[in-house]
Structure formats: C-alpha cells, structure tokens
Amino acid sequence: MRRTFEEPASSLAAQILATVSILFVIVSMVVLCASTLPDWRAAENRSVEEHSRIIEAICIGWFTAECIVRFIISKNKWERKG
C-alpha cells in the first residue's frame with residue numbers, strides 16, 4: 001500500500017490515486033480563486049456559494065484522509081534520528 005501512495009508509476013491503482021489527488025488540488029485551487037472574485041461574492045444566487053462550500057468540504061475531506069493514510073503507512077514514524 002505504501003508503494004501505491006509513494007510511487008505513482010508502480011501500478012494502475014497508484015496512477016489513478018495520483019491523478020485523483022491532482023484533480024482534487026486543481027479543483028480546490030479553482031474554487032478558492034473563484035471565491036475571491038467580486039462577482040462570485042456579490043452573486044444573488046446563494047446556491048453557487050453553497051455548492052462551492054460543499055466542494056471545498058469534499059476536497060478538505062480528501063486531503064485529510066490522504067494525510068491520515070500516509071501517516072499510518074509511513075515507515076519509521078516513531079523512530080528518533082540522531
């Protein structure tokens with residue numbers, strides 16, 4: 001499992017995981033940048049703002065899950081160096 005997260009070229013699953021992670025980063029950046037636009041904030045349509053919050057929450061959930069899994073599968077996390 002560690003190779004899946006650390007080496008995207010190791011398998012098809014690793015390539016899919018890397019691609020999905022990159023897509024989440026791109027979507028998160030686009031939503032973050034778009035939310036700073038004056039037209040975006042001044043929109044009368046509150047559903048756009050609600051949708052962007054949902055997308056942002058999903059991206060944060062993905063990043064959190066990925067971080068937790070990477071921590072769990074990391075090697076030598078409790079070993080002191082030096």
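**Salt bridge.** With which residue does Glu 66 form a salt bridge? I found Arg 70 as the partner, with the closest N and O atoms 3.3 Å apart. The rule I used asks for a side-chain nitrogen of Lys or Arg within 4 Å of a carboxyl oxygen of Asp or Glu. By that rule I count 1 salt bridge. Glu 66 and Arg 70 both sit in helix 4, 4 residues apart, about one turn of the helix. An α-helix has 3.6 residues a turn, so residues three or four places apart point the same way.

**Ground rules.** I'm working with a predicted model, so local features need pLDDT of at least 70 and side-chain atom pairs count only at pLDDT 80 or more, while totals for chains, interfaces and linings use all residues. Residues are numbered from 1 along each chain as its sequence is written, and side-chain values use heavy atoms, with hydrogens and water left out.

**Confidence.** I checked pLDDT, the predictor's confidence in each residue, from 0 to 100. The chain averages 83, and 85% of the residues score at least 70. Helix 2 (residues 12–35) has the highest mean at 91, and helix 3 (residues 38–41) the lowest at 70. Helices here are DSSP runs (H or I, at least four residues), numbered from the N terminus.

**Accessibility.** I called a residue buried under 20% relative accessible area, exposed over 50%, and partly exposed in between (1.4 Å probe, protein chains only). Glu 66 comes out at 14%, so I logged Glu 66 as buried. Arg 70 has 30% and is partly exposed. In helix 2 the buried residues are Ala 14, Leu 17, Ser 21, Phe 24, Val 31 and Ala 34.

**Aromatic pair.** I searched the whole structure and got 1 aromatic pair. The rings of Phe 24 and Trp 62 have centres 4.9 Å apart and planes at 10°, so I call the pair stacked. For the cut-offs, ring centres of Phe, Tyr and Trp (its six-membered ring) must lie within 6.5 Å; planes under 30 degrees apart are stacked, over 60 edge-to-face, the rest tilted. Phe 24 is in helix 2 and Trp 62 in helix 4 (residues 46–73), so the pair ties together parts 38 residues apart in sequence. Trp 62 is partly exposed, at 24% relative accessibility.

**UniProt check.** The unreviewed UniProt entry lists residues 12–34 and 54–73 as "transmembrane region". I found residues 12–34 to be 100% helix, with end C-alpha atoms 33 Å apart. Residues 54–73 are also 100% helix, and their end C-alpha atoms lie 29 Å apart.

Notes
Helix = DSSP H or I, 4+ residues; strand = E, 2+ residues; numbered from the N terminus. UniProt positions renumbered as here; feature names shortened; annotations may be inferred.
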